[in-house]
Amino acid sequence: MPVIKVYRQNSLILEAEGQIGETVLAFLSSKDIFLDAPCGGRGRCGKCKVRLTPDGEEVRACQTIIEGDLTVYAPDVMEMKIAGQDAPVNAVKSAAGGNFGVAIDIGTTTVVAHLTNLETRERVATASGVNAQRPYGADVISRIEYSAAHGHETLSRLIQTQINGLIADDCAKSGVAPADIHYISIAGNTIMQHLAAGFSPVGMGTVPFAPVSLFGEELAPWEGLPVAQDAKVYFSPCISSYVGGDITSGMLACDLEHDDGPTVFIDIGTNGEIAMKNGDKYLCCATAAGPAFEGAEISRGMAAVPGAISHVKWGDNGLELTVLGDVAPDGLCGSGLLDALALLLDTGAVDETGRLLDADEIAHPIASHIGQADGKNAFYLSKERDVYFSAADIRKLQLAKAAISGGIHTLLITAGVTAENAACFVLAGGFGSFLDRTSAARIGLFPKEFLPVTKGMGNTAGEGAAIALVSADARVTLARIREKCEYIELSSSLVFNEQFVENMMFEE
Ligand code: FES
């Protein structure tokens, strides 16, 4: 068998046998060395770069096949920071017979576990991490495709092992004994819930998009879960393959049941799930917007980590950037992408069809930042011209915004409500809280009439899981939300088709 040596920062970090025919990405993942691989190894994103000699050219690890002994120089793996999760730890006595539970939010990107005292409802410790399935793709489709090709067991084992570890961390931090944990409440999208429960998500990858379960019930703990023997694991109810327990939990957390007036709820993550309540009626849909707003599959897109440009504007001295961390810009995260596109529209550098004009067609001084990258027009954001936003990237964002905006309008039309009449617009999820709302409305991600009634609610899925953890009534409410909610399949909706096309254009 070939011997693979892996170096990072000039230090040998691994020497192990690999398999002939296996990709470098698969080999590294099997050894717990995770590269950023948002396209899941399909060779499209170009993010999984390694070198085979110290100063050699970068190659894509997912497209590099092991044919013999090999030396791999891996980049530094970036730690993803999870906003707002640095909760204080309240040390508690490990008195036997305590009654604790854990609320778990399984995002496609991050996983968070809140250990909670079920008597006092006090949160005693929080542990979180990047979803261990991340090397298998940034979005749920990549995870389904991996499961279809190789079985779902690897991904199930990864997420279950990760949750076991997070709960163990919570216990270590707080002094709570695993035997005192009696209830687990989980919220995630339908695919994440399947993988955590040990079910195959493969049926959700193709027509008729059939899930194994829509959950909403208590299951027995999986092997290795550090909890009491009689513990139950509750999974939030899902509405369809693509509107999952994260959305029903989000609706619970926003108290949509008691909202006055038409309310629209949207969670923009690796997909865009949209729900709406009007009177006693709930509607929901899922858009195949893809992970563009998370920076995936965008030339210089990246997660919201140090080096990411998070905000862009034009000031008295020209282009002004906000970069996360005290470092040089390395790429753009979702909020930076929205701002960059809004600025290009405001300055006339992008026209209503989404075309990035040539520098000599632009009257605004931003023209000095327009050049060429990969044979297409591009907007340069760094002096070195290594961070740019290309015409092809603009097209990807345009498709994603048309899908989301088209979905919102489809629900409004189905409910017979106009955008002006919406009483509340809830932006859920980390991205929803972080984005510049004016830029989002400028590019047409949602109707500008929503701006005065927009609320950023943060991680509503995690909050909903926490409420369901401590309240049996809340679990009844979740079941009622699922019962009342009508799912609209956008791929076969004529209204959506029309709205998608209409929302492709930008406002001048
Ligand atoms: S190109 Fe290798 S993971 Fe995307």
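F209 is partly exposed, with a relative accessible area of 30%. Here buried means under 20% relative accessible area, exposed over 50%, and partly exposed in between, with a 1.4 Å probe and protein chains only. The structure is a predicted model, in which local features need pLDDT of at least 70, side-chain atom pairs count only at pLDDT 80 or more, and totals for chains, interfaces and linings use all residues. Residues are numbered from 1 along each chain as its sequence is written, and side-chain values use heavy atoms, with hydrogens and water left out.

F209 lies in the loop between α4 and β10. Its phi is positive, about 50°, although F209 is not a glycine. Helices (H or I, at least four residues) and strands (E, at least two) are DSSP runs, numbered from the N terminus. F215 is found in the loop between α4 and β10. Phi of F215 is also positive, near 60°, and this residue is other than glycine. F215 is buried, with a relative accessible area of 3%. P208 belongs to the loop between α4 (190-197) and β10 (218-219). A cis peptide bond joins V207 and P208, with omega about 10°.

Confidence was examined over the chain. The mean pLDDT (the predictor's confidence in each residue, from 0 to 100) is 90 for the protein chain, and 95% of its residues reach 70 or more. Residues 78-88 stay under 50. For this stretch the model has 18 contacts beyond four places in sequence, where contact means heavy atoms within 4.5 Å. Where pLDDT is low, the predicted coordinates should not be read in detail.

An open sheet of 6 strands runs in the order β22-β21-β12-β13-β14-β23. Its pairing is mixed. Two strands pair if DSSP finds at least two bridges between them. β22 (454-458) and β23 (485-487) stand at the edges. Each has a single partner strand, so one side of each is left without a neighbour in the sheet. The twist averages 20° from one strand to the next.

The strand pairs can be taken in turn. β21 (residues 424-428) pairs with β22 in the parallel sense over 4 bridges. Within this pair, V426 stands opposite K455 in β22. β12 and β13 pair in the antiparallel sense over 6 bridges. I266 has I274 in β13 as its bridge partner. β13 and β14 are also antiparallel, over 7 bridges. Here K277 is bridged to Y282 in β14. The hairpin of β13 and β14 has 2 residues between the strands, and G279 takes a positive phi near 65° in it. Strand β13 (residues 272-278) is mostly covered, with 6 of its 7 residues buried.

D267 sits in strand β12 (residues 263-268). At 11% relative accessibility, D267 counts as buried. Beyond neighbours within four places in sequence, D267 is in contact with I247, G272, E273, A428 and G429. D267 and F235 are 32 residues apart in sequence, and their C-alpha atoms are 19 Å apart in space.

Helices were examined next. Helix α11 (residues 472-484) lies across β14 (281-287) and β23, running at about 45° to β23. Axes are lines fitted to C-alpha atoms, for helices over the stretch in contact, and angles run from 0 to 180 degrees between N-to-C directions. Helix α7 (residues 391-415) packs against helix α12 (residues 494-502) at an angle of about 135°, with their axes 8 Å apart. α7 and α12 are therefore oblique to each other. Angles under 35 degrees count as roughly parallel, over 145 as roughly antiparallel, 65 to 115 as roughly perpendicular and the rest as oblique. From α7, the contact is made by L399, A402, A403, G406, G407, H409, T410 and I413. From α12, V495, F496, Q499 and F500 take part.

In helix α2 (residues 140-150), V140, S142, R143, I144 and S147 are buried. Their cover includes α3 (153-174) and α4. Just after α2, G151 takes a positive phi of about 90°.

S310 lies in strand β15 (residues 308-315). At 1% relative accessibility, S310 counts as buried. Leaving aside neighbours within four places in sequence, S310 is in contact with T322, L324, C333, S335, G336, D339 and F434. The C-alpha atoms of S310 and N99 are separated by 42 Å, and the two residues are 211 residues apart along the chain.
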